[in-house]
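Here is a short briefing on a two-chain complex. Look over the sequence and the structure before reading on.

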Amino acid sequence: MKGRPLSEELRTWIRKIEDIAAGYGLDFFPTIFEMVNYEQMNMLASYEGFPIRYRHWRWGMEYERLSKSYAWGLHKIYELVINTDPCYAYLLSSNSDLDHKLVIAHVYGHCDFFKNNAWFAHTDRKMLDTMANNAAKIARIAERHGHEKVEAFVDVCLSVDNLIDYHSPYINRRGSGEEDQLLEVQKLPARNYMDRYINPQEEIERQKEAFKKRQEELKSRFPLEPEKDVMLFMLEHAPLEKWQQQILTIVRSEAYYFVPQRMTKIMNEGWASYWHSTMMTQDICEDHEIIDFACTHSGTMAMSPTSFNPYKVGIELYRDIEERWNKGQFGLEYERCESMVEKQNWNRDLGLGREKIFQVRKVYNDVTFLDEFLTPEFCERQKLFTFGYDRRKDSWEIKSKDFQTVKDQMLGQLTNFGQPAIYVEDGNYKNRGELMLWHKHDGKDLKPDYGQATLENLVKIWKRPVHIRTQAEDKTLIWTYDGESFEEAKE
Amino acid sequence: MQRIDTDQRRFRDIVRGRIRENLRRYISKGELIGRQGNDRVSIPVPQIEIPRFKYGQRENGGVGQGNGEPGDQIGQGEQEGSGQGQAGENPGEHVLEVDVSLEELAQILGDELELPNIIPKGQEKFESTKLKFSGIRPTGPDTLRHHRRTFRHALKRQLASGQYDPKNPVIIPIRDDYRYRSFKEEVKPHHNAVIIYMMDVSGSMGDEQKEIVRIESFWIDTWLRSQYKGIESRYIIHDASAREVDRDTFFRTKESGGTMISSAYETCSKIMQTDYPSGEWNIYPFHFSDGDNWSADDTSQCIKILKDEILPKSNVFCYGQVESPYGSGQFVKDLRIHFRESEDVITSEVKGKDDIVRSIKDFLGKGK
């Protein structure tokens, strides 16, 4: 897609802002800006930032939604930047020059984050090409096997694309397989002549027996441990045709690509906002521009009572951390101080704030970020609260302003992206090749109609009945779809 | 064409499929009425969504920010949290509103109920003109220049005159090569048609009965509009006497008192005589009542008017009898006795909203 050329003035500004950003210590991939109109912007946003994706109706649906709400003036996408090397960022042509500058500064914040945050380290920086290749692959498959068939199968794959193991890129889950062998007999260290007293024959026999038994048990278990990457399990064990495997692989890898973005939404937006705000106010804005800047900025930071604005929470937390580390409000001595007054006026003039937030942006993700840096004082200052639905009044209302409750609610919402944790429990359920999934219930029930529809899709991949063990209102339930009908059984 | 257009078209196809699946429900619930713009309807389509394992919405709650104390209300029931376009933290039920043109809706209705196209009677007297960009000419404004044709001509010329070098394929159009799109006026003759709605608004017709009439006439209107260009609608209400009203009044008026159906038929016949000389117009009188008439005398008067004046000039006369707890429901029986042989009278009884679909099919299924 070809955007409009950037004006000479804007190009000068890009160079200037790049220098300013680098001067603050931001470290980014080369960044390419393109000017697009709102239609192109909506289209790019529908494709999740990438100009070429495989054919699918849901992009069209998103595009229709975006176009409509743009036409009604409900929203406007200011900027779009994707995690690639070089970074691509899109500017909206109808924006004012001041808005452009703000967006450019914001984008450099994102680019620095993409490059330096540990959770992005493994991502495919050539995703632009990869996505286009995936689109071409699926198009080829569609030509051979028919568009409708392929579309239907893509729908099925998307229906399970949240059943992946978000942390697997960072952990070797399956191990090397050597541990088990080592465990056969554990002898205590002993000198030769003491050996038969310290490691008596009976004990060794007992251990061998136990090991054998465990081996037997493991053999009958498939998978050995519940597996969270249901998609991978399907890829490895479901009776799929080759083209279906290709599609499932593509959908799975694209789902993994977006994981770090979703893991660091608050941190990433907060970081970019922190930097656009810093650069705009310290370096970029002329005096007469500051009001307009403040207007746009506060619009982005606005938080409504019924939703959670990652920009706002992110930027405020970074600022809070910066201030605390500047003043030395951390560590044992500070924590143990019991005088509120002293705590409030605590200032050791350490000036470690900047350094600290750079470190934070490198190693944390949203969950660890909030877990570590959310403080009762912060919650109170920011007027955070939890809300819930009241059935009797048919309305949403404020539930609590208690720090721990707010924190728990936030973390709960972020853990697993607020989605139910589902595992493969048994790939050979009842020795009939049926699939048993397990919903690790954490107090929230599954939505039954969605669950049922998802099971139907799973059967299309697994080709045998699929079950899921879940809970509803404190009772363990097993939902089953056998290819024809849906059944619910109490355990 | 943009890449997204293909995806958007595919999405719209799916939406149309959904509307078709749910059409019967839309019809009997009357959901679409009142959502109508000039020539478009906005239709709520449930769940075009990829199903995934997820939590029920109500389970969720969330974290918000602002002034207030525990117990304060911050939003109404069905509301979905949103803000800054970054929502998503607080998933809500998605009901998609899709705009569909009335023409498209009529097509879906026709497909679903297997309605035959209407064969118009009379001559095609009325003409409408339409501009169509279908031609090419050598002169015109630059904005309408047809680049491909222009270059094709330039290539032809260069080939013919030996100026074209395949090794250095440069094509330079000159003035004579330029081609422009041009429009032609297309004159399309078409038939004209009028629907004359009559409704009994006497005391025995309750709100529910009128709702049924309203829904049915919406769909009849939609269908006939797709069949004729420039269709007109006229509205007559009657109790013991009849008068012509506008659309709004037609659906809202509640009178009390007796019922003289003949009064409506007389008014109808008068309108037909003065405004719609037969032969040129396709006329569709629709009459809805609960079947309660004042007297047998009046009924025979009605039948006389129908036979002598209305039927000869109309395509078909439709009578819909809505069941009401007060009416005797006699009128439909009388009509059936007198017009058993006739194909020009269609009667249909509607017991409740679920009958609307069948009734529409009764009326429109004959292709008249």
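**Domains, interface and confidence**

The centres of domain 2 and domain 3 of chain B, taken over C-alpha atoms, lie 57 Å apart. This is a predicted model: local features need pLDDT of at least 70, side-chain atom pairs count only at pLDDT 80 or more, and totals for chains, interfaces and linings use all residues. Residues are numbered from 1 along each chain as its sequence is written, while chains are lettered from A and ligands numbered from 1 in the order in which they are written.

**Domains of chain B**
- Chain B splits into domain 1 (1-50 + 92-114), domain 2 (126-187) and domain 3 (192-364). The bounds come from an automatic or database domain assignment.

**Interface**
- On chain A, 58 residues are in contact with 45 residues of chain B (C-beta atoms, placed from the backbone, within 7 Å).
- The largest share of the chain A side, seven residues, comes from α3(A).
- That side of chain A divides into 24 nonpolar, 22 polar and twelve charged residues (Ala, Val, Leu, Ile, Met, Phe, Trp, Tyr, Cys and Pro count as nonpolar; Asp, Glu, Lys and Arg as charged; the others, Gly among them, as polar).

**Strand pairing across the chains**
- β4(A) pairs with β2 (residues 62-65) of chain B in the antiparallel sense, over four bridges. Pairing needs at least two DSSP bridges. Strands are DSSP runs (E, at least two residues), and helices are runs of H or I, at least four residues, both numbered from the N terminus.
- Thr386(A) has Val63(B), in β2(B), as its bridge partner.

**Confidence**
- Chain B has a mean pLDDT of 80, and 86% of its residues reach 70 or more (pLDDT is the predictor's confidence in each residue, from 0 to 100).
- Over residues 78-93 of chain B, pLDDT stays under 50.
- The predictor gives the complex an ipTM of 0.85 and a pTM of 0.76.

Notes. Two residues are in contact if their C-beta atoms, placed from the backbone, lie within 7 Å.
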